[in-house]
Amino acid sequence: MSVSGRVALRGIPASHGVAVGPVVMLDRSRGPVPRHTIEPAQVSAEIERLRAAIEASRQEIEAVRDSLAESAHSDYGLILEAHLLMHRDELLVDAACRRIQRGKINAEWALRRTVDELKLPLEQAGSGYFRERAADVEHVGQHIQRHLTGEGSVLPPVDAPSILIATDLSPADAARLLRSEIRGLVTATGGATGHTALLARALEIPAVVGVRGVLAAVDAGEPAIVDGLSGEVVLRPDPAEVGRAASRAARHMAFVRGLRERHDSPDVTADGVPFEGWANIELPAEAALVAHDEAPGIGLYRTEFLYLGREQAPSEDEQTRIYSDVVSVMAPGAVVFRTFDLGGDKLPAHAAPCANPALGLRAIRLSLADPDFFREQVRAILRAGAAGSAKLMFPLVSTLSELRQARALVERCASELEAEGVAFSRLPVGLMIEVPSAALMAQTLAAEVDFFSVGTNDLVQYTLAVDRGDARLAPLASSLDPAVLRLLDMTARAAEGASIGLSMCGDMASDPIALPLVLGLGYRRLSVPLSSRPLVREVARRVRLEQARELATEALGVATAEEVRALLVAGFGAQLGELWREEGLEM
Ligand code: PEP
Ligand code: MG
């Protein structure tokens, strides 16, 4: 039952663009799960019933995956693949069967308890990544549950252009629905990096996620506006508002089309200086998308995403297989493997708690503290190097001694592989500049590495002592702060002086307002999320580097982030204002 009259709600912008249309609802909120005990004689039949439901659910998801295989979005099939693995996972299947046997309880209740138990540590881990993995477990559990209760997976028919409003979408639901007439998407839960957001972006469907209370506020058939730029969802808008939103939607579509048409334009600034737009990835499957987009390389592969949520680290051979696939998919483009950046906001499920995780045993420190674990990864990366072009990069290095220890381990691994007669490559070695001490010591460090890549997300966090995950502190965490700019400048000068490679892979490289400054400070290799690449390339093409250099010099002399921003807006508003506005940025 909804309220009447216009209602505006806010959520997290998950996929750019604006959509208008009547609402279709998909409410999959959890109903009560049947619970009863069974006789010992019924145990094997009950286990059989659970196995049959798992099999039916598996077949259904497989069919959706196969239907995607022929489409341009086969990469999304890999997310479904991960869900299919859970159908075979002994943690889920065997544990639920054991529960039926030991507890003499019905299959629905055994499944529910098992899913809740698997989700708990993921939910408690605190980071958005794990909450999303918990949501994956929940989706698989619910899918099987629907087969157990005979509900199946009935979805609302969508045959006219509509806005889909749902509690959350399982990957299978999302894949099916988003290929129908859905023009916009709103979910009550979820985050900007969840699979729903990912698919919506891949299909270019405007989406807002995490809109609390949205299901109770609207009825099917009522009109709605989804603004994937601002994160606003308007239910029952007035007709004039609908008209304005429709023209904004058309304008944004034309804007995106324009960017796409410029895909083959050369990557040079307005005064002819080359720059490079590389891509960041978290999952191996994304490499195919990067290659398809013809990006020159992967500037940051966050390998730790392989490890998160698993009880055991992937073995050296498993890592070698995965990394080699990524390298060969990208060849002749290069892949920069960042060694595991675990700890901090990315804790594996079983990690020991740490009183101050951001300053604790994380990233390279954790790897050096466990040389066997580190060695397996380094060997796997060196072996993968034989499949094409790869580089090795260490996260969160704060001292030269750490770098030397890490390099020595790489040397040892290379000698071992050589002695064993295993195919491998000696790779360029670089480090991330993401701690002030590394930027301050950049000259010294530059003498002992082949490249630097600046991680501005952490560099801002550690320079300004601002927790990067705390939304309340977001205004403080500005990459435009002069303190940050000075460290960026020191880093760029040190790289230039030592003639080593330099890139930026933190979020500042995809901020269309900061970009002229980034270029002006000397950063020409920008590694950004794939979805940001068209815009980043367009912004950089419109920047005159000479002007950007002058602005950088001026920015290094001012006192506050606000003044730096004002310089950027005044200096580049004429060339870039249109792009900024289309991105929903306020000036
Ligand atoms: C960074 O810190 O800017 C970075 C690129 O690494 P991550 O975001 O994975 O910490
Ligand atoms: Mg970092």
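## Basis

In this predicted model, local features need pLDDT of at least 70 and side-chain atom pairs count only at pLDDT 80 or more, while totals for chains, interfaces and linings use all residues. Residues are numbered from 1 along each chain as its sequence is written, chains are lettered from A and ligands numbered from 1 in the order written, and side-chain values use heavy atoms, without hydrogens or water.

Glu434 sits in the loop between β13 (429-433) and α14 (436-440) and Asp458 in helix α16 (residues 456-464), so the pair ties together parts 24 residues apart in sequence. Helices (H or I, at least four residues) and strands (E, at least two) are DSSP runs, numbered from the N terminus.

Glu434 is buried, at 2% relative accessible area. Asp458 is buried too, with a value of 2%. Buried means under 20% relative accessible area, exposed over 50%, and partly exposed in between (1.4 Å probe, protein chains only).

Gln377 belongs to helix α12 (residues 371-385). Its relative accessibility is 0%, so Gln377 counts as buried. Beyond residues up to four places away in sequence, Gln377 touches Thr303, Gln319, Tyr323, Arg338, Thr339 and Phe340. Contact means heavy atoms within 4.5 Å.

Ser503 is in strand β15 (residues 501-504). Ser503 is buried, at 8%. Leaving aside neighbours within four places in sequence, its contacts include Phe452, Val454, Tyr523 and Arg525. A polar contact of 3.0 Å joins the side chains of Ser503 and Ser453. Such a contact is a pair of N or O atoms within 3.5 Å; within protein, one must be able to donate a hydrogen and the other to accept it, and residues adjacent in sequence count only if both atoms are side-chain atoms.

## Backbone features

The peptide bond from Ala331 to Pro332 is cis, with omega near 5 degrees. Pro332 is in the loop between α10 (316-330) and β11 (334-338).

Lys104 is not a glycine, yet has a positive phi of about 50 degrees. Lys104 lies in the loop between α3 (93-103) and α4 (107-124) and is partly exposed, at 28%. Ala363 has a positive phi near 50 degrees. Ala363 is in the loop between β11 and α11 (364-369) and is buried, at 0%.

## Surface patch

Leu440, Met441 and Met490 form a nonpolar surface patch with about 280 Å² of accessible area together. Patches are made of residues with over 30% relative accessible area and no salt bridge; like charges are joined within 9 Å, nonpolar side chains (Val, Leu, Ile, Met, Phe, Trp, Tyr) within 5 Å. A salt bridge is a side-chain nitrogen of Lys or Arg within 4 Å of a carboxyl oxygen of Asp or Glu. Accessible areas come from the Shrake-Rupley method with a 1.4 Å probe; for residues, only the protein chains shown count as cover. Leu440 is in helix α14 and is exposed, at 54%.
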